[in-house]
Each structure stands twice: as C-alpha cells, then as structure tokens.
Amino acid sequence: MPVDCAFEIAIERVSILDEHGVFDESLGQGLISDDDVEKLYRHMSMCRHFDEIAFKLQRSGRMGTYPENRGQEATSLGAAYALEDKDWMVTCYRENAGLFWRGVDPEKILLHWMGDERGNNIPVRATPLAIPIGTQMLHAVGLGWASKYRGEDGIACTFFGDGATSEGDFHEAMNFAANLDLPVVFVCQNNSWAISTPTAINCSAPTLAQRGLAYGMHCVQVDGNDLFAMVKVIRDAASRARTESRPTFIEAITYRLGDHTTADDARRYREQDVVDEWAAKDPMIRLRKWLEQRDLWDEGREQALRTENEIYVKDVVERAEGIEPPTTDDMFTWMYSETPPVLDLQRRTLRTSSLGQGIDGSGS
Ligand SMILES: Cc1ncc(C[n+]2csc(CCOP(=O)(O)OP(=O)(O)O)c2C)c(N)n1
Ligand SMILES: [Mg+2]
C-alpha cells in the first residue's frame, strides 16, 4: 500500500470529580483518604483567603504586584500532595496552594511580592517563583538530570502556563527531557489566557497536550479543577519518572478567575458570562460537595474554618510586614560564597557614599 498510516494515537482526558460533584468510583475510590480530602479542602480554603488578602495588600499600596491564584488551586495542590519530599517542585507564580502544602511559609510569598529577596529563600525542595516565562522548565530538566546522574530517585515536577508552551525554553526543555530519558513531569496549566492572548491564538492544535507527542513523550489531558484527577495523573507520571526515568506532559485544563495580575483588567478582553461559567467549575465548590455528600462537612465547620483562616493569614501578614528591612549589604553578601574584591569595594563604597556615586568617586 503506497499510503499507509505512519502514526496514530489518542490522548486520554482524565476526570474523576466533576463540577456537579459526581464522583467516578472506579478511578477515584481510595485515591485520597477521607481525612486527607478534608485537610486538602481546608488548605485550599486557607489559600483562597490568603489570595484575597494578598490582593487587598496590593490594592492598598502595601505590596508591589500580585497574581491572583483563584480558581487554579487544584493543579499545584494535587501535585504537591502526590509528590514526595525528595522531589522538586519547580513553579512559576500561581502555585501558592502546592507550595504551601510542601511547607513553604506563606510569609515568603508575601515577601517575594513585596520585593524582598528573603522571600526566595526556600528551605524545602521548591525553587523560587519564576517570573520570566519558561525559564523554570529548563531548571526542572537540570534538576531531573542531576538526580539521574547521582543515582537518586527524586524527580522534578514543573509548572507553566499555556502561553509558556510557545516559548523556545519549553521546546528545549521537552526535547532534552525526552531524549535524555529524564525524570521530569511537565504540568501545563491551560487557563485559557496568556494575559490577553487566548490559548486558541497561541496554539492551532486542538490540544496543548499533543505538543508533547512531537517529543515522543507520554501525554495526558486532565480536568485541572478536579483535585482527584490531578492526584491520579501526577502519581502516574511520578511513577513513570521514578521507575522508567521517562518524562510526562500533562495538560491541566483550568481557568484563571481573577485578572492576570493586579496590573491587568481582564474585563477589557473577556466576557463575564464565560467567567461565570468557569466560576461554577471552581475546584473548591466540588470538593465541598464531595465532603457534604459524605456528611464530613457542614455550614458550622465552614464558619469555624473561615475564622481560623482569618487568624492564620493575619499572622502571616504581620510577620511579613514586621520583618526588619534588608540592608544594602545583603545584595553583596548573598551573591557569592566569597565576595570578589571588585564587589567588596562596591560594598564598602556604598556604605560611605551617596547612592549615585561611582566607586572611583567620579559620579559616573
Ligand atoms: C520571557 C517573558 N516574556 C514575557 C513576559 C511577560 N508575561 C508575563 S506573564 C505572561 C503570560 C503568560 O501566560 P501563561 O504562560 O499562559 O501563564 P498564566 O499567567 O496564564 O498562568 C507574559 C507574556 C515574561 N514575564 N517573561
Ligand atoms: Mg495561561
């Protein structure tokens, strides 16, 4: 036959708990214990409150800028729950829920957005937030490669947006990870928008997931607002990475319910009725339904949780705002383990001269 099929494949889409609270027992039974579902719901709720307060801090001039996480909590939280402490979480900037679950102090995230470098000093296996779109995917590949080279079984799981899949860094990272058999999980959070650019303009293919096919990678699409489905696909991908040292590309379908950041006004480019449709698919609403259906949650507990969240987040804000201001020395102290003489000279000059003056006193 002169014309034959060279390659044919289907991409699976995984969903376990849908927006109406309907739960697929065959996939979801025993995936997360009842106790843990409650803990995860409580955590998501705290993150939602944190998000609201962080937004208000920016609006009242107490923080530089802030990207709301609202609506996207399940993607990174599902991953953080499924990963192990020895694994790396390599994020961009909308993964508070996963980072806090990992043990990153929420105070660090506030400090980061307040422009304080101490917010990037993270004591667990998570990297500082990546603002340049795409860079973190390459960092994850490096971390996965290092783990393989050292014979360790930690893996790297990286997060990025739909827009990031059009960056060269994405393709370089995918190519490296696939061809060198690296233990990396790529999680694309397709939230429909890259600021004001809709996903359809950024990708002409029907799914983003299939971008991974070109690299010979296992690809899957998942309901990113479904915590159960996220846990399942991340566990599968982590196991593939750990036992076969093969990467996976996950396209998590979610939606950014807020503006891109506090510097954006999404009303200028998207319709409110679409936002309302997605608001009904909120990951928290369906998780609460799941708990209520099993008599594990009620309005009384919800009220008590709100009060707990308020007390907790108030303390986080007080700690972030109460921290002693950094000194100008810090930018030299933490740059190199041994400060080179030329920087040491700059450090000493900075202490004794006005900020605008050059180190030779010329003012240039
Ligand atoms: C290299 C680079 N180019 C441009 C920007 C400006 N920028 C910030 S966020 C963004 C859109 C990112 O969209 P997406 O990857 O879908 O992430 P989302 O914010 O939707 O999660 C752009 C273009 C940047 N931060 N870095
Ligand atoms: Mg996006």
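How far is an oxygen atom of ligand 1 from an N or O atom in the side chain of Asp 162? In this predicted model, the distance comes out at 3.2 Å.

- On its own, ligand 1 would expose 590 Å², and the protein buries 70% of that.

**The shell around ligand 1**
- There are 14 residues around the ligand, and the ones that come nearest are Tyr 93, Arg 94, Gly 163, Asn 191 and Trp 193.
- Sorted by type, the shell has 8 nonpolar residues, 4 polar ones and 2 charged ones.

**The nonpolar cores**
- The largest core counts 67 residues, and the members touching the most others are Ile 32, Phe 50, Leu 110, Phe 228, Ile 234 and Ile 250.
- Helix α9, spanning residues 227–244, is the top contributor to this core, with 10 residues.
- A separate core of 23 residues lies apart from that one, and its members include Met 137, Phe 160, Ala 164 and Cys 203.

**A look at Phe 228**
- If you skip its neighbours within four places in sequence, Phe 228 is in contact with Ile 16, Leu 17, Phe 23, Leu 31, Ile 32 and Val 37, plus Leu 287 and Trp 290.
- One of those partners, Ile 32, is also among the core members that touch the most others, as is Phe 228 itself.

Definitions and conventions
Residues numbered from 1 in each chain as written. Chains lettered and ligands numbered in written order. Predicted model: local features only at pLDDT ≥ 70, side-chain atom pairs only at ≥ 80, totals over all residues. Heavy atoms only, no water. Core = buried A, V, L, I, M, F, W, Y, C linked by side-chain atoms within 4.5 Å. Buried < 20%, exposed > 50% of the residue type's maximum accessible area, 1.4 Å probe, protein only. Helix = DSSP H or I, 4+ residues; strand = E, 2+ residues; numbered from the N terminus. Contact = heavy atoms within 4.5 Å. Near = heavy atom within 4 Å. Polar contact = N/O pair within 3.5 Å; in protein donor to acceptor, adjacent residues only side chain to side chain. Areas by Shrake-Rupley, 256 points an atom, 1.4 Å probe, with all protein chains shown as cover. Nonpolar A, V, L, I, M, F, W, Y, C, P; charged D, E, K, R; others polar.
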